[in-house]
Amino acid sequence: MTLPTSGTGRRHAVLCVDDNAEIAAALELLFSRLPDFEWLGWLPAADHLVAEALERHPRLVLVDIDLPGTDPFRAIEELAERDPEVRAVMFSGHVRPELVDRALGAGAWGYVSKNDGEEELLSVLRQVAAGEFALSSEAGRMHV
Amino acid sequence: MGLCVLDRDLRFVRINRRLAEINGLPVEAHLGRTVAELLPDLLPSVRAVAERVFAGEPVLGFELRGTTPAAPGVERTWVESWYPLRDAAGAVVGINIVAGEVTEERRLTEELRLHREELQRLVEERTGELRGLAPPPPGVGADGLLGTLSACLGHDMGNLLMPLRVRLDTLQALDLPLEVQRELDGIRASATYLQRLASGLRLLAVDPQQAAQERALEVGRWWREAEAVLRNILPRGTQLEAVMPDEATWVRISAPALTQAVFNLVQNAGDALKGLPPGIVTVAIRPCGAEVVVRVSDTGPGMNAEVQQRCMEPFFTTKARGISTGLGLALVYGLVQEAGGVVELESAPGQGTTFTLRLPRAEPPLGRGAPGRCAYVGMGNPRLRAYVAAHLRQRGCEVQADPDAARTADLLVVEGDVPPGARGRVITLPADAPFGDVKQALRAALEELDAPMVTT
């Protein structure tokens with residue numbers, strides 16, 4: 001896999017982890033047409049997330065939960081320790097209280113349900129990039 | 001109570017009227033005659049007991065069974081106590097007998113036992129059928145199969161729809177001929193409908209207990225998510241009509257719980273209309289004082305009095321086994337009761353059925369916060385600071401991180417020392433603690449502060 005050059009810092013550079021190539025392609029399409037995001041590429045598993053993130057310096061990593069290989073929660077936990085400047089946002093169709101809790105416990109700055117639509121996804125990512133903590137509607141309903 | 005005295009030859013020496021009636025002969029016909037002559041059917045049992053009494057042992061409270069001339073062919077039961085009758089020298093010369101008939105009591109007890117066995121058998125049979133339908137996966141309540149299917153379908157549809165929407169957006173941003181744009185609008189309408197269906201399916205999959213923390217639900221928004229899945233369970237031709245409140249109305253029940261309750265009622269209404277000319281199922285919601293009233297009614301054949309009385313019982317069903325578990329209405333009852341509401345039923349043969357759920361009305365979740373209230377968050381970890389700030393903003397607070405704001409803040413959330421000059425309420429959270437501990441401590445502290453925050 002070839003990743004483009006690292007983020008410029010002015011735009012929100014995003015690295016995505018999702019084993020569904022269709023979703024990754026759609027995300028690339030989505031971010032590529034927005035002026036405030038920069039698409040850094042995608043990984044089909046979290047195995048090399050930490051290494052790639054340390055290399056590419058994304059501002060945001062958008063991580064699916066249901067992945068083959070390395071546990072994504074463990075990966076974002078390690079990433080938060082190695083580079084606290086990178087902010088992880090979980091992106092999943094599975095939204096349950098224990099998953100939201102686990103993600104936040106592992107160091108995620110946000111949680112987005114794949115069912116909440118692209119507007120909410122972008123809104124959460126923009127808030128997190130601005131230093132805020134954010135959940136999409138469905139994830140918010142599952143968090144107390 | 002029957003009384004008599006027998007001599008050593010088991011001859012009646014004395015007998016009262018009651019025992020004579022039990023035996024079916026007049027008093028006079030007994031005297032001087034033996035048990036063998038008058039009650040031959042009882043003789044073997046009488047002899048066995050008499051032997052023990054003549055040996056000097058009273059035999060108390062035993063059951064004697066057999067037939068008498070009073071009711072030939074009918075087995076009767078007596079409880080009797082036999083005492084040795086002694087002469088002046090102490091020798092046993094006869095038997096004093098006290099007898100009471102318990103035939104009817106024994107019959108009723110036996111009938112009850114058989115009923116219990118039958119009931120137990122039915123419960124086991126139906127529980128077995130229910131288990132056979134599907135193993136209930138964890139966290140999806142009683143209707144396991146439905147939960148699993150809904151969760152999988154909802155998830156997969158969500159995964160498929162996301163790329164579809166993004167590609168549609170890309171296409172619609174292009175300068176395409178009008179007729180192509182129209183086609184794209186049609187595809188988008190279908191995608192939107194499927195998205196709602198997926199949302200409804202996910203609401204069915206969530207364990208309502210798990211989502212119980214969702215304290216206030218806006219019914220209009222809920223209906224937009226749930227409508228598609230409800231519409232899809234009705235038979236072809238059946239109309240689903242909705243009457244929703246004009247103004248935003250908040251109810252104290254979780255979205256999955258309300259969906260699962262209404263889903264079961266709409267499904268039942270649809271089943272009632274099957275095989276009949278197309279009917280109408282109406283879901284009407286309106287606020288009424290401190291309650292929100294949810295009515296699900298149909299134009300079906302209605303229920304008779306017996307079905308009305310029993311329909312909330314677990315395992316009760318009028319449908320074929322395998323189609324119905326008999327748990328749907330029991331689940332509705334449980335969900336509504338859990339939310340602090342009640343279920344009412346109106347129905348009559350030929351008049352349709354209306355289920356009414358009276359649920360507690362809720363305040364809008366942000367309305368009771370403190371809009372404009374200023375909060376200061378002084379925490380070292382930027383992510384935890386952001387987390388706490390998001391919580392407070394959700395409660396209507398304006399959040400400041402600037403230490404100068406600490407003096408004027410109404411609420412301060414800090415990890416260590418309180419900034420000098422601060423006059424607001426203070427929540428102290430554990431420093432360098434894991435996320436879970438911070439979350440618990442914050443929640444507990446805010447709950448404690450909740451009442452005063454509402455009243456000021």
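Predicted model: local features only at pLDDT ≥ 70, side-chain atom pairs only at ≥ 80, totals over all residues.
Two residues are in contact if their C-beta atoms, placed from the backbone, lie within 7 Å.

Consider helix 5 of chain A, which runs over residues 117-129. Its 13 residues, at 1.5 Å a residue, should span 18 Å, and the end C-alpha atoms are 19 Å apart, which agrees. The buried residues of helix 5 of chain A are A:Leu121, A:Val124, A:Leu125, A:Val128 and A:Ala129. Because these residues cover an arc of only 130° around the axis, they lie on the same side of helix 5 of chain A. Against them pack five strands of chain A: strand 1 (12-17), strand 3 (60-63), strand 4 (87-92), strand 5 (110-113) and strand 6 (134-135). After helix 5 of chain A comes A:Gly131, which has a positive phi, near 90°.

Two further helices of chain A pack against each other. Helix 3 (residues 72-82) and helix 4 (residues 97-106) of chain A meet at an angle of about 25°, and their axes are 8 Å apart. Angles under 35 degrees count as roughly parallel, so helix 3 of chain A is roughly parallel to helix 4 of chain A. Helix 3 of chain A contributes A:Phe73, A:Ile76 and A:Glu77 to the contact, while helix 4 of chain A contributes A:Arg102, A:Ala103 and A:Ala106. By class, this contact has 4 nonpolar, no polar and 2 charged residues.

The two chains also touch. Their contact takes 24 residues from chain A and 26 residues from chain B. On the side of chain B, helix 6 of chain B gives the largest share, 9 residues. By class, that side has 12 nonpolar, 8 polar and 6 charged residues.

Definitions and conventions. Residues numbered from 1 in each chain as written. Chains lettered and ligands numbered in written order. Helix = DSSP H or I, 4+ residues; strand = E, 2+ residues; numbered from the N terminus. Expected span 1.5 Å × (residues − 1). Buried ≥ 20, exposed ≤ 12 C-beta atoms within 10 Å, placed from the backbone. Arc of directions from axis to C-beta. Nonpolar A, V, L, I, M, F, W, Y, C, P; charged D, E, K, R; others polar. Axes fitted to C-alpha atoms, helices over the stretch in contact; angles between N-to-C directions. Parallel < 35°, antiparallel > 145°, perpendicular 65-115°, else oblique.
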